[in-house]
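Please consider the following protein with attention to its open space and to the packing of its helices.

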Amino acid sequence: TSTERGLVAFVDQEHLLFNQLLPHGGHCSGWLLSAIETGFKELGIQASHLKRIAVGTGPGLFTGIRVGVAVAKGLAYA
């Protein structure tokens, strides 16, 4: 969410299991949670199954970074 085009990905230790590019532009963060939900549904998992959560922290806009970190913290709490 900190760059012009965000990405949601689910990986295990060796394989990319799911990835979805977010739309171009400054409002890609509006698509973030639906992309994560799609990943959960396609993989048949829940937030409690996650072992690690990573967020790219730049370069990019401060608000986009805040959105990414806030969503990651919310998922970690779940």
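A residue belongs to the lining of a pocket if it has an atom within 4 Å of a point of that pocket, and strands are DSSP runs of at least two residues in state E, numbered from the N terminus. The model considered here is predicted.

In this model, the largest pocket holds about 930 Å³ of space. Its lining is made up of 32 residues, and those closest to the centre are Ala9, Phe10, Arg52, Ile53 and Ala54. Which elements each supply at least two residues of this lining? They are strand 1 (7–11), helix 1 (32–43) and helix 2 (62–77). Strand 1 provides the largest share, with five residues. By class, the lining of the largest pocket comprises 18 nonpolar, ten polar and four charged residues.

The two helices named above also pack against each other. Two packed helices are described by the angle between their axes and the distance separating those axes. For helix 1 and helix 2, the angle is about 40° and the axes lie 11 Å apart. Angles under 35 degrees count as roughly parallel and those from 65 to 115 as roughly perpendicular; helix 1 and helix 2 are therefore oblique to each other. The crossing of helix 1 past helix 2 is right-handed. On the side of helix 1, the contact is formed by Leu32, Leu33, Ile36 and Phe40, and helix 2 contributes Val67, Val71 and Leu75.

Definitions and conventions
Residues numbered from 1 in each chain as written. Predicted model: local features only at pLDDT ≥ 70, side-chain atom pairs only at ≥ 80, totals over all residues. Heavy atoms only, no water. 1 Å grid on protein atoms, 1.4 Å probe; cavity = no way out; pocket = protein on both sides within 12 Å on 5 of 7 lines; lining within 4 Å. Points joined across faces, edges and corners; volume = space filled by probe spheres on them. Helix = DSSP H or I, 4+ residues; strand = E, 2+ residues; numbered from the N terminus. Nonpolar A, V, L, I, M, F, W, Y, C, P; charged D, E, K, R; others polar. Axes fitted to C-alpha atoms, helices over the stretch in contact; angles between N-to-C directions. Parallel < 35°, antiparallel > 145°, perpendicular 65-115°, else oblique. Left-handed = near helix turned anticlockwise from the far one by under 90°. Contact = heavy atoms within 4.5 Å.
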